[in-house]
Amino acid sequence: MLIAAVAGLVTRMLIAANMPGPADVRIFHGFATAIVRHGPIRIYEQPLPGLPVYNHPPLAGWMLLGLNELSELGIPFGTLIRLPASVADFFCALLVFEIVRRRARLGAAVACGVGVAASPVLIATSGYHGNTDAVAITFALAAAHLLVDRKAPLAAGLAAALSISVKFIPVVVIPALFLVALRAGRPAFVRFSAGFAALVALVWGPVLMSVPENLKENVLEYAGGGYRLWGLVRFADLFGLPESFITFIEGDGHFLFVLVCVAAGVWLAWLRPAQLPVVVAVTMSLLLLLSTASALQYLTWAAAGLFVVGFWEGAAYSCLLGLTAVLGYQGRSAVRWSETVLHLGEAGWVVLAVGLAGGIRKILATRPEPPGQPPAGGSTLTAPRASQPTGSAVN
């Protein structure tokens with residue numbers, strides 16, 4: 001498994017070192033230059049001519065500051081900006097292996113871990129594109145794993161805070177994490193909350209105290225671009241639904257979909273708290289399914305998570321959406337998809353929906369187990385074992 005993860009990392013870094021990447025590489029370089037001038041806190045209130053809105057959480061600014069310092073040593077920034085996501089994929093492959101190993105046979109765990117390492121979606125979005133989506137997803141899965149599998153609530157709280165500090169999208173799984181920590185008992189909840197609150201205060205506190213309105217507008221209320229390339233917006237446009245409806249779901253209505261994702265995660269976590277890593281994977285996949293914004297790097301949100309659900313779900317998604325990403329990056333612009341890429345995206349959305357439905361079914365098929373109870377080794381996610389004694393539930 002380690003060999004596959006290393007091979008995946010080397011592949012990504014070879015791409016990063018030898019290919020220029022999409023426009024985001026230049027944009028991140030521009031952000032880094034502005035952060036050097038204005039600092040990672042005041043950057044939110046600065047006009048950035050020639051650059052899009054700076055919509056990244058506070059930890060991303062410190063990351064860009066560090067990468068810029070490394071570039072002063074002669075390492076190309078275009079290579080460095082792909083490093084965090086590529087390294088995150090390395091750890092995510094090992095993490096998915098460990099999560100699945102506790103819920104399925106060893107062979108399935110190896111296949112799923114290798115699937116993450118070799119995922120065409122993740123190779124394209126991490127090795128070629130960069131951004132911080134893969135980092136956020138890895139920390140979110142790590143938080144769930146640490147909480148229910150490792151029984152390390154303090155570390156889980158830190159990982160949860162890190163996940164939303166590099167990319168805000170994992171905020172949809174934070175309520176489910178808090179719920180499971182609460183159900184694990186007061187000591188676990190206190191430790192999880194302390195770790196989460198301490199790191200949020202450290203990372204977010206200075207920005208909230210200095211430029212709260214700019215942070216709110218740029219990050220917390222960011223709704224994504226207005227391109228109609230993916231999911232509900234794409235189908236609404238394709239089927240000729242009223243312009244007022246499309247405008248609504250792209251605007252204020254997108255918060256309703258976020259609430260649906262939060263509610264689904266909390267519901268599944270309440271019913272099957274010991275399956276929290278799978279719940280996090282499904283919730284992030286649901287967020288992509290219902291997303292009213294589109295960008296090829298967003299495909300990262302479900303790539304590793306569907307391998308947590310199962311090998312075939314992950315492989316089907318990674319292969320089809322990997323082709324979508326590769327062809328999309330070969331086009332004139334990664335934010336203007338060709339007709340072929342649009343149709344592949346439509347098919348990929350359906351594959352995502354099927355994999356998501358299968359993931360929910362598998363979660364509910366397991367026998368309930370208190371989150372504080374040690375996981376049953378060698379158990380399977382796909383179905384409960386009738387021969388198991390009461391109190392030793394499938395994890």
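Colleague: By class, how many nonpolar, polar and charged residues has the lining of the largest cavity?
Modeller: This is a predicted model. The lining includes Trp 230, Leu 288, Ser 291 and Trp 337. By class, the lining of the largest cavity comes to seven nonpolar, two polar and no charged residues.

Colleague: What volume has the largest cavity?
Modeller: The structure holds three cavities of 30 Å³ or more. For the largest cavity, the volume is about 40 Å³.

Colleague: Which residue forms a salt bridge with Arg 101?
Modeller: Arg 101 is partly exposed, at 33% relative accessible area. The closest N and O atoms are 2.5 Å apart, and the partner is Glu 98.

Colleague: How many residues apart are Arg 228 and Glu 243, the pair in a salt bridge?
Modeller: Their closest N and O atoms are 2.4 Å apart. Arg 228 is in the loop between helix H12 and helix H13, while Glu 243 is in helix H14. The pair links distant parts of the chain, and the separation is 15 residues.

Colleague: Are Lys 362 and Glu 313 buried or exposed?
Modeller: Their side chains meet in a salt bridge at 2.9 Å, N to O. Lys 362 belongs to helix H19 and Glu 313 to helix H18, 49 residues apart. The cut-off for burial is under 20% relative accessible area. Lys 362 and Glu 313 are both buried.

How values were computed. Residues are numbered from 1 along each chain as its sequence is written. This is a predicted model: local features need pLDDT of at least 70, side-chain atom pairs count only at pLDDT 80 or more; totals for chains, interfaces and linings use all residues. Side-chain values use heavy atoms; hydrogens and water are left out. On a 1 Å grid over the protein atoms alone, a cavity is a set of points where a 1.4 Å probe fits but cannot get out, and a pocket is an open set with protein on both sides within 12 Å along at least five of seven lines; lining residues have an atom within 4 Å of a point. Grid points are joined across faces, edges and corners, and a volume is the space filled by probe spheres set on the points. Ala, Val, Leu, Ile, Met, Phe, Trp, Tyr, Cys and Pro count as nonpolar, Asp, Glu, Lys and Arg as charged, and the others, Gly among them, as polar. A salt bridge is a side-chain nitrogen of Lys or Arg within 4 Å of a carboxyl oxygen of Asp or Glu. Buried means under 20% relative accessible area, exposed over 50%, partly exposed in between (1.4 Å probe, protein chains only). Helices (H or I, at least four residues) and strands (E, at least two) are DSSP runs, numbered from the N terminus.
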